[in-house]
Amino acid sequence: MQEFKNFINGEYVGSSEDRRFENRCPVDNSLIGYVHEAGQREVDAAVKAAKAALKGPWGQFTQAQRIALLNRVADRINERFEEFLEAECRDTGKPRSLASHIDIPRGAANFKAFSETLNNQSTEGFRLDTPDGRGAINVGQRTPKGVIAVVCPWNLPLLLMTWKVGPALACGNTVVVKPSEDTPATTTLLGEVMNECGVPAGVFNVVHGFGPNSAGEFLTTHPLVDAITFTGETRTGEIIMQAASVGLRNISLECGGKNAAIVFADCDLEKAVEGTMRSAFVNCGQVCLGTERVYVERPLFERFLARMKEEVARLKPGRPEDAQANFGPLVSHQHRDKVLSYYELARQEGAKVEIGGGVPDMGEALSGGAWIEPTIWTGLADDARVVREEIFGPCCHLRPFDSEEEVIALANDTPYGLAASVWTENGSRALRVAEQIEAGTVWINSWFLRDLRAAFGGMKHSGIGREGGVHGLEFYTELKNICIKL
Ligand SMILES: NC(=O)c1ccc[n+]([C@@H]2O[C@H](COP(=O)([O-])OP(=O)(O)OC[C@H]3O[C@@H](n4cnc5c(N)ncnc54)[C@H](O)[C@@H]3O)[C@@H](O)[C@H]2O)c1
Ligand SMILES: O=C/C=C/C=C(\O)C(=O)O
């Protein structure tokens with residue numbers, strides 16, 4: 001039975017209050033092990049270790065030395081690829097075929113993605129004319145922000161954690177990570193890799209627990225935390241933003257979405273079906289960038305719906321190690337109850353269930369898992385809660401539209417603004433529509449094609465700030481101006 005302990009100042013630490021909670025596999029509800037909940041004592045120790053590490057050897061590392069060390073961390077994750085893969089799939093239930101192509105490779109790559117940016121990014125400089133004619137030179141200097149609190153969700157545990165830890169450490173900060181209570185394994189394992197690679201103690205710390213009145217709240221309210229980066233639900237982001245306001249700590253918030261796919265009649269039908277299938281059902285629909293609203297130009301609507309139903313019927317649920325499986329369970333029974341409540345709400349709101357809508361019979365061995373049927377609805381009103389609220393499951397609503405103006409208004413009629421996809425072979429229309437969509441990322445004839453240098457983040461209720469490329473620099477460093485009188 002595994003023990004998931006906190007990782008503080010380079011050592012694994014059990015909970016002093018002996019507050020352990022179960023970690024169960026959503027495939028069959030089997031017990032994976034016990035997670036050691038960090039109390040205020042453990043969180044305080046982790047933050048103070050991170051603070052102290054800034055003044056230790058880590059504070060003397062040059063940028064080149066930090067980058068070399070983080071590249072080593074990435075390489076070590078890849079050397080221990082199978083362990084990370086096994087841990088992630090046990091925690092989440094996702095197919096190995098998915099985690100081996102997305103979660104683990106990106107979990108490592110995120111430590112390298114930022115190196116090029118840091119090496120090639122100049123800081124500003126200005127020459128100022130002065131009355132005495134001798135002038136002055138202004139030089140920008142970037143310094144680490146300090147101790148960064150990193151609060152993560154359960155859907156892509158390793159990827160979304162290192163997407164923050166990578167640039168944070170590359171910029172010379174130290175971190176205290178609070179992984180989701182549902183998925184502690186890969187973040188815990190990363191502590192071993194940090195030690196193996198010689199990352200100084202206190203640079204990378206992990207505290208386990210929940211949100212309110214637990215590690216999440218203790219961490220985000222700790223006065224020695226200099227900035228907070230959070231990925232999770234919008235309502236949680238609002239709470240964390242309030243915590244960050246005490247002491248004016250900067251925040252980076254990557255929150256919820258209710259993303260639209262816009263399918264024009266002139267699209268490449270099979271490309272649009274393949275991309276929309278992935279965006280709606282990959283990771284059992286538990287992707288913030290995923291599609292839950294599909295708008296199809298009327299002449300194509302019936303054909304597109306028929307093709308989507310065919311492909312949904314082909315999805316193969318099964319254990320992560322089942323090479324034929326391409327569809328896993330939801331992350332927990334608690335989350336499945338939430339998604340099933342929307343399946344029931346859809347019926348009450350008058351949806352036609354085109355396919356799915358319930359719980360599959362997975363047989364005796366898997367009957368304890370958080371399995372759910374991939375589902376397509378049609379016929380709902382635009383103001384239906386199922387069309388407006390984030391469900392975060394394997395489900396989407398298809399609706400026909402008749403004009404470009406109409407579909408842009410429909411797509412933007414949401415409090416969220418995270419992502420969208422546009423499918424058409426008419427390039428100028430694709431760009432024209434993309435420019436009008438209120439979302440941080442718009443894909444044209446693609447989905448989840450990620451350039452790690454590009455700005456990444458949400459508008460409106462989907463978040464604050466941008467991560468990726470130079471945008472991470474703004475959050476993970478302080479920019480100082482030094483004025484030199486000549
Ligand atoms: N925009 C993005 O990039 C992105 C990526 C992945 C997931 N998400 C969003 O995350 C959500 C699903 O993840 P989730 O259910 O883990 O989200 P969540 O908000 O319930 O939890 C996220 C993390 O916050 C912690 N937390 C909860 N309450 C807290 C509090 N009061 N103070 C401090 N920490 C607290 C949790 O323990 C967890 O570690 C969805 O809404 C999804 O859209 C967004
Ligand atoms: O569920 C949300 C997925 C977010 C993905 C990223 O943050 C990324 O690809 O960097």
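An oxygen atom of ligand 2 lies 2.7 Å from a polar backbone atom of Cys288. A polar contact is a pair of N or O atoms within 3.5 Å; within protein, one must be able to donate a hydrogen and the other to accept it, and residues adjacent in sequence count only if both atoms are side-chain atoms. Taken alone, ligand 2 exposes 310 Å², and the protein buries 99% of that area. Such accessible areas come from the Shrake-Rupley method with a 1.4 Å probe, and for residues only the protein chains shown count as cover.

This is a predicted model, in which local features need pLDDT of at least 70 and side-chain atom pairs count only at pLDDT 80 or more, while totals for chains, interfaces and linings use all residues; side-chain values use heavy atoms, with hydrogens and water left out. Residues are numbered from 1 along each chain as its sequence is written, and chains are lettered from A and ligands numbered from 1 in the order in which they are written.

**The shell around ligand 2**

Helices (H or I, at least four residues) and strands (E, at least two) are DSSP runs, numbered from the N terminus.

**Salt bridges**

Side chains of opposite charge can pair when their charged atoms come close. A salt bridge is a side-chain nitrogen of Lys or Arg within 4 Å of a carboxyl oxygen of Asp or Glu, and the structure holds 43 salt bridges. Three of these pairs are listed below.

| Pair | N to O distance |
|---|---|
| Arg20 and Glu3 | 2.7 Å |
| Arg319 and Asp28 | 3.5 Å |
| Asp44 and Lys48 | 2.8 Å |

Arg20 lies in strand β4 (residues 20–24) and Glu3 in strand β1 (residues 2–4), so this pair ties together parts that are 17 residues apart in sequence. Arg20 is partly exposed at 39% relative accessibility, where partly exposed means between buried (under 20% relative accessible area) and exposed (over 50%), with a 1.4 Å probe and protein chains only. Glu3 is partly exposed as well, at 36%.

Asp44 and Lys48 both lie in helix α1 (residues 40–54), 4 residues apart, about one turn of the helix.

**Backbone angles**

Asn29 is not a glycine, yet it has a positive phi of about 65 degrees. Asn29 is found in the loop between β4 and β5. Lys460, likewise not a glycine, has a positive phi of about 50 degrees and is found in strand β21 (residues 459–460).
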